[in-house]
Amino acid sequence: MGKEKTVNEGPIYDARTLGTSKMLILGLQHMFAMFGATVLVPALTGLDVATTLLFAGLGTLLFHLLTKRMVPAFLGSSFAYLAGYSAIAPNGEAELLPYACFAVAVSGLMYVILAAIIKGVGVNRVMRFFPPIVTGPIIIAIGLILSSSAIDNCSANPLVSIVAILVVIICNMWGKGMIKIIPILVGVVASYLVSMIVDPASRATVAQTVAQADWIGIPIHKDATVFGLFMNGADTGKLITACITIVPLAIATMMEHIGDICAISSTVEKNFLVNPGLHRTLMGDGLATTMASLFGAPANTTYGENTGVLALSKVYDPKVIRLAALFAIILSFCPKFAALVTAMPAATIGGVSLVLYGMISAVGVRNVVENQVDFTNTRNVVIGALILVLGLGIATSSEGAVHIGSVSLSGLAVASVVGIVLNAILPGKDYQFQHESQGATSVNFKV
């Protein structure tokens with residue numbers, strides 16, 4: 001192998017040091033990391049799983065094309081729009097879902113508008129509203145909010161979950177060679193096998209699910225697309241209602257996008273907000289969402305699970321992510337393999353997710369610490385505290401969201417808005433994006 005680069009701790013790998021076979025395995029690991037959450041959205045909304053996989057892959061490739069193939073981000077199904085789908089098609093009605101998809105497609109264009117504003121006025125003027133005292137706690141909240149779903153999945157079979165967690169930890173800390181950089185994949189396989197051994201019900205479910213699935217299938221269904229909706233005669237009133245209900249959610253998802261790009265930048269130690277630019281990442285995410293929705297797939301978003309894999313594997317080469325996208329596209333045409341992965345025990349997903357979600361929050365902590373955010377400064381304490389309390393408190397409340405008319409805002413969305421507004425209006429702000437000096441709210445991504 002070629003020479004390894006070292007940043008902070010541990011080797012940083014790329015395609016030249018790993019070789020083709022190892023890159024393929026790493027791409028498979030990223031696909032497994034996103035799979036559970038990505039297919040959960042169609043399972044909850046009634047959208048098609050195969051279509052979801054196809055446009056997760058295609059959306060990721062489009063994102064990489066628009067971001068100069070520099071950003072190691074995978075785009076999977078967005079959970080932020082679940083309330084919107086539920087409001088338009090409460091029981092996953094096939095005839096109503098295209099209306100929700102149309103509205104989501106329109107919301108994706110909001111990303112393009114914000115990208116144009118950033119391109120026009122410059123990223124510095126926009127990023128002054130997103131210092132580490134805002135983005136750090138938001139990143140921490142992302143991991144903590146996701147953690148509840150990991151715990152729920154772990155409770156399905158604690159033994160299987162513990163196997164997944166232990167294998168990931170052991171491979172990451174004491175593994176040698178390739179084992180050290182594919183801990184997630186090894187953990188998935190090991191705990192999956194253990195589940196098949198100790199849980200007859202799980203074994204029977206997997207066998208039945210796989211046996212019933214076809215080997216080859218077309219992942220796009222005309223009647224489920226927005227194009228099919230207009231061909232069959234769309235109801236204008238329903239289109240307007242869907243847009244009023246769903247499009248405002250783009251405000252929250254765009255803020256989440258900025259937090260995710262900050263998390264990836266912090267993990268990889270490259271400032272992707274400047275190069276290739278936040279306007280490019282926003283445009284890639286937005287157009288991927290619009291494309292997916294037009295064909296009946298969920299909205300796309302940059303995936304924290306894959307950011308966790310980056311942090312664990314220390315393989316930051318975007319080629320690995322593009323390989324994962326190609327695997328997702330190929331698998332979208334194979335219902336039988338999709339069934340095998342879909343039937344993965346919940347405990348396996350839970351154990352692996354527990355580690356990944358923890359890594360996301362750890363990245364947020366690192367973002368705050370390395371940028372020397374001063375928590376003896378009252379304004380910083382207030383901003384950080386409200387972001388964390390609102391994000392976690394609303395997410396774990398009985399409602400799980402804040403309802404403003406027909407619009408539902410997630411805890412993370414509310415926390416993001418409050419954090420951004422408080423940072424803008426409270427006195428004592430000394431943040432300058434890309435400034436060399438470190439202040440109480442300054443940021444300095446390492447390139």
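Glu-269 counts as buried, at 10% relative accessibility, where buried means under 20% relative accessible area, exposed means over 50%, and partly exposed means in between, as found with a 1.4 Å probe and protein chains only. The structure described here is a predicted model, in which local features need pLDDT of at least 70 and side-chain atom pairs count only at pLDDT 80 or more, while totals for chains, interfaces and linings use all residues. Residues are numbered from 1 along each chain as its sequence is written, and side-chain values use heavy atoms, with hydrogens and water left out.

Glu-269 sits in the loop between helix H14 (249–268) and H15, where helices (H or I, at least four residues) and strands (E, at least two) are DSSP runs numbered from the N terminus. Although Glu-269 is not a glycine, its phi is positive, at about 65°. How many salt bridges does a search of the whole structure find? The search finds one, a salt bridge being a side-chain nitrogen of Lys or Arg within 4 Å of a carboxyl oxygen of Asp or Glu. The pair links distant parts of the chain, since Glu-269 is in the loop between H14 and H15 while Arg-366 is in helix H19, 97 residues apart. In this salt bridge between Glu-269 and Arg-366, the closest N and O atoms are 2.7 Å apart. Arg-366 counts as partly exposed, at 23% relative accessibility.

Helix H19 (residues 346–370) also holds Val-369, which is exposed, with a relative accessible area of 57%. Val-369 lies 237 residues from Pro-132 in sequence, yet the two are 9.3 Å apart in space, C-alpha to C-alpha.

## The chain as a whole

The secondary structure of the chain comes to 21 helices and six strands. Of the 447 residues in the chain, 54% are buried. Among contacts between residues at least 6 apart in sequence, 82% join residues at least 24 apart, a contact meaning heavy atoms within 4.5 Å. The chain exposes about 18300 Å², of which carbon and sulfur atoms supply 67%; such areas come from the Shrake-Rupley method with a 1.4 Å probe, and for residues only the protein chains shown count as cover.

## Nonpolar cores and a surface patch

A nonpolar core is a set of buried Ala, Val, Leu, Ile, Met, Phe, Trp, Tyr and Cys residues joined through side-chain atoms within 4.5 Å. Which residues touch the most other members of the largest core? They are Tyr-81, Tyr-85 and Ile-264, in a core of 65 residues. Helix H14 gives the most to this core, with 10 residues. Leaving aside neighbours within four places in sequence, Ile-264 is in contact with several residues, including Val-71, Phe-272, Leu-310 and the already described Glu-269. A second, separate core has 34 residues, among them Met-34, Leu-185, Val-309 and Leu-331.

On the surface, Ile-162, Leu-166, Ile-169, Ile-170, Met-173 and Trp-174 form a nonpolar patch with about 620 Å² of accessible area together. Patches are made of residues with over 30% relative accessible area and no salt bridge, like charges being joined within 9 Å and nonpolar side chains (Val, Leu, Ile, Met, Phe, Trp, Tyr) within 5 Å.

## Two helices and their spans

The expected span of a helix is 1.5 Å times one less than its number of residues, and the table sets this beside the distance between the end C-alpha atoms.

| Helix | Residues | End-to-end distance | Expected span |
|---|---|---|---|
| H5 (residues 97–121) | 25 residues | 37 Å | 36 Å |

In H21, the buried residues include Gly-411, Leu-412, Ala-415, Gly-419 and Leu-422. Helix H5 contains Pro-98, which counts as buried at 3% relative accessibility. Leaving aside neighbours within four places in sequence, Pro-98 is in contact with Asp-223, Ala-224, Thr-225, Val-226 and Leu-229. Just after H5, Gly-122 takes a positive phi of about 100°.

## Further backbone details

Lys-68, which is not a glycine, has a positive phi of about 60°. Lys-68 is placed in the loop between helix H3 (49–66) and strand S3 (75–77), and is partly exposed, with a relative accessible area of 45%. Finally, a cis peptide bond with an omega of about 15° joins Asn-275 and Pro-276, and Pro-276 is in helix H15 (residues 273–294).
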